Amino acid sequence: MEERQTPWQFGLGSLQWFIFLLANAVALPIVIGGIYQLPLPKVMELMQRTFFVVGVTSFLQGWIGHRLPIADGPAGSWVAVFTIFADMAIRQGHDLQQTLRILEGGMIMAGLLLIVLGATGVMVRMRKLFTPLVTGSFLLLLGFQLSGVFLLGMLGAHGEPAKADLHTALISFGVFVLVIGLSVWGKGWMRGYAVLLGIISGWIAYSLSGKSGAVLPATDWFQLPRVFAWGMPVWDSGMAVAVVLFTLLLVSNTVAAVTAVSHMVPKRLEKEAGALNAGGWAGGIAHLFSAVFSTVGIVPLPASAGFIGLTKQHRLRPFLTACIALSLISLVPAVISKLSLLPGPVANAALMASFVQLIALGLQTITREALDQRRLTILGVTFLFGVGTMFLPKTIFAQLPSVISYVCGNGLLLGTLLAIALEQVWKKEKEVSVGA
C-alpha cells in the first residue's frame, strides 16, 4: 500500500510540479516571439496564454484523459514547424501574421484528427506501429533534438553569431551537476526535491551575480487570455497535407509519453491501452485550445518520465494541484511578469538534467528486445538520417515543395517515419517464414 503524504510533502510536491510546468512553458513563447518579430507586450500576452493552456490541458489530461502525471507543454516539434513556415514566409515575402493564422488552422486540423483517432479507438490500434524500437528511437531523437536547444540556453548564448557567456554557463552547469548529484546521491527529501532545489539555488546565484531576465511590463491584476489573438484561422492546402504526416508524430509523442510514465507510476502499466485512447482525444482538445488561444501546439511531454525518475513525484493529486495553480496564476499578468524572470539558463539546466533520465529510458526501451542484426541496422539508418538532418542548414530544402521541405527538414519526424517504415517492411525472420 502506498505511503500517505503529509501536508508538507504534498505542498512541496505540488510546488515542484508547478516549477516543472513553468520551466517547460516559459522559454518557447520568447523564442516564437523573436522568430515572428512580435513586440514585447505581445510576447508577454503569448506567455500568459501559454501558461493558461498548459495548466488547463495538463489538468484535463490528468483528470479525464490519460489520467497520468504528465505535464503538457509547447511541443518542440511544433516549434520546428513554426520556424520552417516563418523562414518560408520571409523568403517569399509573405506576411508573418498571415502565417500565424495558417498555423492556427493547422493546429485545428491536427486537433480534430487526434480527437477522431482517440474517440474511435484507432489510437490504441496504431500502437502496433510503435514497437519498443520505434518508441525508444523517438525518445532518443527527441532528446538529441532538444539537447542542442537546452545547451544553447545553458551557455547563455545570444546575438548573431551566438556567443557563450562564461559566467552564465558556470551557474547553469552548476545547477545541472547539483540536480544530477542530488537525484543520484541525495538522501531523503533532498533526493525527492532535486529539481526544485536546483532551480532555487540557480535562481539565487543568478540574481546575486547581478544578472536578471528581461522585465516584461504588466500592471493589470486580472486579465482573461485573448481568443484568436493572431486573427481567425486560415485554411492552407499545403499545411493540410503536412498535418496528416505530422499527426503521426503527435501520436508517437503521446504513445512515448504514456508508455514512459506508465512504467514510472505503480499499477498503471496494465491500464496503458485505455490511457492511449483517452490521451489521444484529450490531446486533440489541447490542440484546439492551442489554436483558439493562439499558442504553440501543446502536447504531453515525454520528459515528464525523466522528471518523475529524478524526483519520484508520481502521485496525481499534487500534479493536478499544480495545474490548477498555473492556470489561475496565468490570469494575473502582474504575477506572470515576475514568474517570467525565471532565468532561462537555470530552467534549461534543470530540463537538461531531466532529459538524462529520458535518454536512459529510451535506451532501456530499445533493449527490451534483443539487438539482432535487423534491429541494429534499423537503428543505424534511423539515427544517421534523423540526427544527420538536425545538422543540415535550414535553407538546404528551401527550393522543394513546402510539405517535402517540412518532412526532410525535421530530423525527429524523418527519423521516426524511417523507424516505423523499416520495422513494418523488414519483418522478423519468424514472421517472414510464417507468411511464406
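**Close-up 1. Helix α3 against helix α10.** In this predicted model, the axes of helix α3 (residues 76-92) and helix α10 (residues 237-262) come within 11 Å and cross at roughly 160 degrees. That crossing makes α3 roughly antiparallel to α10 (angles over 145 degrees count as such). Axes here are lines fitted to C-alpha atoms, for helices over the stretch in contact, with angles from 0 to 180 degrees between N-to-C directions. Helices are DSSP runs of H or I with at least four residues, strands are E runs with at least two, and both are numbered from the N terminus. Look for Ser77, Trp78, Val81 and Phe85 of α3, which meet Met239, Phe246, Leu249 and Leu250 of α10; contact means heavy atoms within 4.5 Å. Sorted by class, seven of these residues are nonpolar, one is polar and none is charged (nonpolar: Ala, Val, Leu, Ile, Met, Phe, Trp, Tyr, Cys and Pro; charged: Asp, Glu, Lys and Arg; polar: the others, Gly among them).

Close-up 2. Staying in helix α3, we find Trp78, which is buried with a relative accessible area of 1% (buried is under 20%, with a 1.4 Å probe and protein chains only). Its side chain makes a polar contact of 2.9 Å with the side chain of His287 (a pair of N or O atoms within 3.5 Å; within protein, one must be able to donate a hydrogen and the other to accept it, and residues adjacent in sequence count only if both atoms are side-chain atoms). Trp78 and Gly297 lie 219 residues apart in sequence, yet their C-alpha atoms are 5.9 Å apart in space.

**Close-up 3. Asp72 in strand β1.** Asp72 sits in strand β1 (residues 72-74) and counts as buried, at 0% relative accessibility. The side chains of Asp72 and Thr57 are joined by a polar contact of 3.0 Å. Leaving aside residues up to four places away in sequence, Asp72 also touches others, including Leu21, Gln61, Ala286 and Pro300.

**Close-up 4. Helix α1 crossing helix α9.** Here the axes of α1 (residues 7-35) and α9 (residues 194-208) come within 9 Å and cross at roughly 60 degrees, in a left-handed crossing. Leu12, Leu15, Gln16 and Ile19 of α1 make the contact with Ala194, Val195, Leu196 and Ile199 of α9.

**Notes.** Residues are numbered from 1 along each chain as its sequence is written. In this predicted model local features need pLDDT of at least 70, side-chain atom pairs count only at pLDDT 80 or more, and totals for chains, interfaces and linings use all residues, while side-chain values use heavy atoms, leaving out hydrogens and water.

Definitions and conventions:
Angles under 35 degrees count as roughly parallel, over 145 as roughly antiparallel, 65 to 115 as roughly perpendicular and the rest as oblique. Buried means under 20% relative accessible area, exposed over 50%, partly exposed in between (1.4 Å probe, protein chains only). A crossing is left-handed if the near helix is turned anticlockwise from the far one by less than a right angle, and right-handed if clockwise.
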